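Student: I have a model open on my screen and would like to learn how to read it. Could you walk me through it?

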Amino acid sequence: MKTINDIWTTFYLMFFGSFILILTLLTFSYSDIKNRHYSELENYSKIISNAIHSKLLQDDMILTIIGNQLLDNDNYKDKQRIIKLFDELLEQNQYYVALSLADIEGNFMATSSNIKAPENFNFLENKKTVNGLKKALKTKKMIVGRTYYFKNINEWIIPIRKAILNKDGKIIAVMTIGLRNKTIINELGVSQDKTILIIKDYNSEHKLYRQYMSKIPKEHSNSIYNTNVPEIFVEILKKEFKKKYDLSLDDLMNSERTISLKLKSPFNKNIIAGITYNKEYKLWILVEDSDSLIISEFFNTLFIYFTLFVASFIVFYFLFKRIAMSDRKKQDELVFQAQHDSLTKLPNRTFMYAHIEEWKIEYNKEYFVLYLDLDNFKNINDKFGHTVGDKILIEVAHRLGMFFNEGDMLIRQGGDEFIILKECVDANNNEERIQSLIGLISQVYHIDTKEFRIGVSVGIAKYPADAEDIEELLSIADTAMYEAKKRKNSYCFFSETMRHNNIVKTDIEQELRSAVEKDELWMVYQPQIKADGKLYGVEALVRWKNEKLGFVGPDKFIPIAEDTGIIRELGAYIIETSLAEIASVKKELNLDFSLSINISVVQLMEANFLVSFLKQIEIAKIDKSSITLEITESVSMEKLDDILNILYDIKEHDIKISLDDFGTGYSSLSILRELPIDELKIDKSFIDKILYDDNEKALVQSIINIGKNFNMKTLAEGVESDKQVQDLKEANCDIFQGYYYSKPLTKEHLLEYLKD
């Protein structure tokens with residue numbers, strides 16, 4: 001009897017124990033199912049949010065690139081070019097359905113050819129586009145607009161807009177791209193049972209509109225995107241969020257945290273939702289599911305119990321693993337593309353900024369910043385095309401990779417410029433290593449059966465001796481590179497002298513910008529005398545005295561004016577003033593003589609230079625044949641292909657051309673056959689030495705002979721003594737200029753000189 005009681009007692013104990021265990025397991029199972037559903041929705045919401053953010057960042061980058069292309073050569077003013085550019089982008093991107101461009105007044109400028117805008121269409125007068133365009137005009141960021149139905153293409157679209165800014169940072173136009181609403185989250189692997197809802201938050205009062213909904217009830221299919229989300233839904237969202245997380249809705253928006261809640265949907269259904277807020281583009285991303293699924297799965301678990309639980313756990317584990325791996329791969333690809341140069345596959349400046357701190361930890365004592373710029377690369381690009389240039393750049397990157405160590409950071413700055421961050425190892429071996437680098441880059445390149453030679457100029461800055469900030473290091477290394485570039489195929493370490501020169505250069509640039517307006521400039525004229533002692537002409541020279549800087553020589557401010565573009569305004573002043581003053585002198589003395597005016601290549605390459613120059617000559621009423629334009633040899637050779645046709649056009653108007661500073665540049669005799677030169681000016685540096693240096697004297701004689709052989713006049717600059725004059729006359733030099741005859745004279749002093 002006792003035995004039986006014990007058995008039943010054991011049975012009941014096992015029964016109640018098992019029952020309690022089952023209840024416990026079911027309790028945990030229910031909680032697990034509930035948490036898993038919430039977590040799943042949060043993960044989906046976060047994945048979709050990241051994908052949308054990545055897609056919009058890519059669209060933002062594309063808008064920036066297109067904007068830059070439209071700015072190049074004022075392409076935004078050419079409607080046909082805009083249409084062509086837009087159509088090419090549509091062909092390359094299946095998610096884009098239309099592109100358009102509007103000016104800052106909202107007026108339609110151009111659109112892709114697949115749509116036709118109404119005549120006199122204005123985006124600011126259309127209720128579908130006015131708010132988005134106004135927002136785009138107030139910010140430099142990309143704006144995501146409201147979804148609306150676009151009749152022209154019979155689709156719901158999401159407009160994205162971005163302002164185009166000129167070099168001065170002024171908005172000149174707004175570009176719009178229409179995204180296909182139905183493809184906004186395409187191929188993300190989201191279960192079709194779930195509803196994906198993207199909502200746009202338009203203002204601080206949280207007035208919400210739907211951007212996208214994966215499953216739309218039939219009764220709402222025509223109005224879902226045209227009406228705002230009911231305010232009661234927003235109030236429920238605030239209440240539930242406060243209840244579960246004890247935070248406000250604004251706290252969620254600022255944190256961009258992913259949460260999950262149980263809600264009543266705008267269509268009066270009980271749902272659970274994973275919610276993420278994208279602060280950048282003010283988008284709510286909701287992944288919704290019916291709350292009945294939790295109960296349903298719980299009852300299934302009750303019957304199939306442990307087996308179903310384990311199986312579903314494994315299925316979901318691999319499902320998420322697959323989605324995570326796919327998303328990780330896409331993210332890695334996007335990061336690589338954003339941080340690496342597409343041509344050479346070298347890291348770019350974005351990579352450098354992202355990794356500089358961890359790199360400095362490893363090399364925190366000292367390191368060099370090398371700024372490399374290829375010499376003669378532009379000529380190769382211009383003559384043989386960018387395909388050849390790109391192959392050379394790839395080979396340069398390959399050589400740099402072989403030369404530098406794995407720990408060194410190689411960066412393609414852009415164009416033909418590279419940056420290297422290298423640890424300081426052996427200070428005594430630095431210059432030898434740099435010479436080896438220059439030698440390696442200068443070796444012959446074999447491209448498409450052709451041989452090419454390029455040089456490289458290297459500027460070097462040292463951390464922390466020269467600077468501690470990476471931006472400043474790059475800037476001063478760039479400065480050193482430009483010093484090296486003056487010598488070609490060379491290198492230069494940054495020095496304090498360069499820092500001082502940079503400061504002086506900046507001061508000169510700032511003061512020079514207002515020099516014309518402040519009436520600080522004036523013209524002087526140095527007489528040019530023929531071998532027989534008669535007047536040949538005068539050279540117009542500009543002078544500048546500034547209240548802050550004092551007298552600044554032309555050799556200081558002219559190069560800065562050319563580098564900064566100020567030369568256009570300065571050159572216009574020189575031309576207008578010298579023509580007017582010399583015309584006045586000629587008229588007063590009834591005397592005819594030549595006027596030489598120095599012209600920068602920057603001026604020559606202006607679109608309307610010759611037309612404007614001829615107009616100034618006409619206003620001054622000066623004979624064109626008495627005008628000589630002086631171009632500098634070293635500059636003109638570098639830009640020969642760009643200015644050759646311009647020089648021939650000038651010659652057709654009987655205006656003479658003089659090659660200044662001849663012998664100081666890198667020109668060859670064959671170049672003289674191509675250039676329409678009337679006069680060679682022998683640089684003062686040669687004239688200074690002819691009395692004591694036979695080699696210099698022979699060189700001057702050779703230059704004069706070259707001029708004779710090419711039927712050109714020869715003019716000696718810097719003549720300061722009678723003996724120099726006699727030697728130059730014996731060498732058959734035609735014209736003389738220098739302090740021996742006269743220093744540069746103002747207009748008034750020139751009148752007195754010519755009268756005497």
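**Reading the fold**

Tutor: Strands pair here if DSSP finds at least two bridges between them. Helices (H or I, at least four residues) and strands (E, at least two) are DSSP runs, numbered from the N terminus. Within this pair, leucine 197 sits opposite methionine 213 in β8.

Student: How many residues of strand β8 (residues 208–213) are buried?

Tutor: Buried means under 20% relative accessible area, exposed means over 50%, and partly exposed lies in between (1.4 Å probe, protein chains only). In β8, six of its six residues are buried. For the chain, buried residues make up 47% of the 756 residues.

Student: What should I keep in mind about where this model comes from?

Tutor: It is a predicted model: local features need pLDDT of at least 70, side-chain atom pairs count only at pLDDT 80 or more, and totals for chains, interfaces and linings use all residues. Residues are numbered from 1 along each chain as its sequence is written, and side-chain values use heavy atoms, with hydrogens and water left out. As for pLDDT, it is the predictor's confidence in each residue, from 0 to 100. The chain averages 84, and 88% of the residues score at least 70. Among the elements, helix α17 (residues 633–638) has the lowest mean, 50, while strand β27 (residues 735–736) has the highest, 96.

Student: Is tyrosine 225 buried or exposed?

Tutor: Its relative accessibility is 2%, so tyrosine 225 counts as buried. You'll find tyrosine 225 in the loop between β8 and α4 (231–245). Contact means heavy atoms within 4.5 Å. Not counting residues up to four places away in sequence, tyrosine 225 touches several residues, including Trp156, Arg210 and Tyr212. Another one of them is Thr147; tyrosine 225 and threonine 147 are 78 residues apart in sequence but 6.4 Å apart in space, C-alpha to C-alpha.

Student: How do I read a sheet, and in what order do the strands of the five-stranded one come?

Tutor: Strands of a sheet pair through backbone hydrogen bonds, either parallel or antiparallel. This open sheet has the order β13-β14-β12-β17-β18, with mixed pairing. β13 (409–414) and β18 (491–493) are at the edges with a single partner strand each, so one side of each has no neighbour in the sheet. β13 pairs with strand β14 (residues 417–423) in the antiparallel sense over five bridges, and isoleucine 411 stands opposite isoleucine 419 in β14.

Student: Which strands does helix α9 (residues 386–403) touch?

Tutor: Helix α9 packs on the sheet and touches β12 (367–375), β13 and β14; its direction makes about 5 degrees with that of β14. Axes are lines fitted to C-alpha atoms, for helices over the stretch in contact, and angles run from 0 to 180 degrees between N-to-C directions. Helix α11 (residues 470–485) also packs on the sheet, touching β12, β14, β17 (455–463) and β18.

Student: And how do I describe two helices packed together?

Tutor: Two packed helices are described by the angle between their axes and the distance between the axes. For α11 and α12, the angle is about 95 degrees and the axes are 11 Å apart. α11 and α12 are therefore roughly perpendicular (65 to 115 degrees; under 35 is roughly parallel, over 145 roughly antiparallel, the rest oblique). The contact involves Glu472, Thr479, Ala480 and Glu483 of α11 with Met498, Arg499 and Asn502 of α12.
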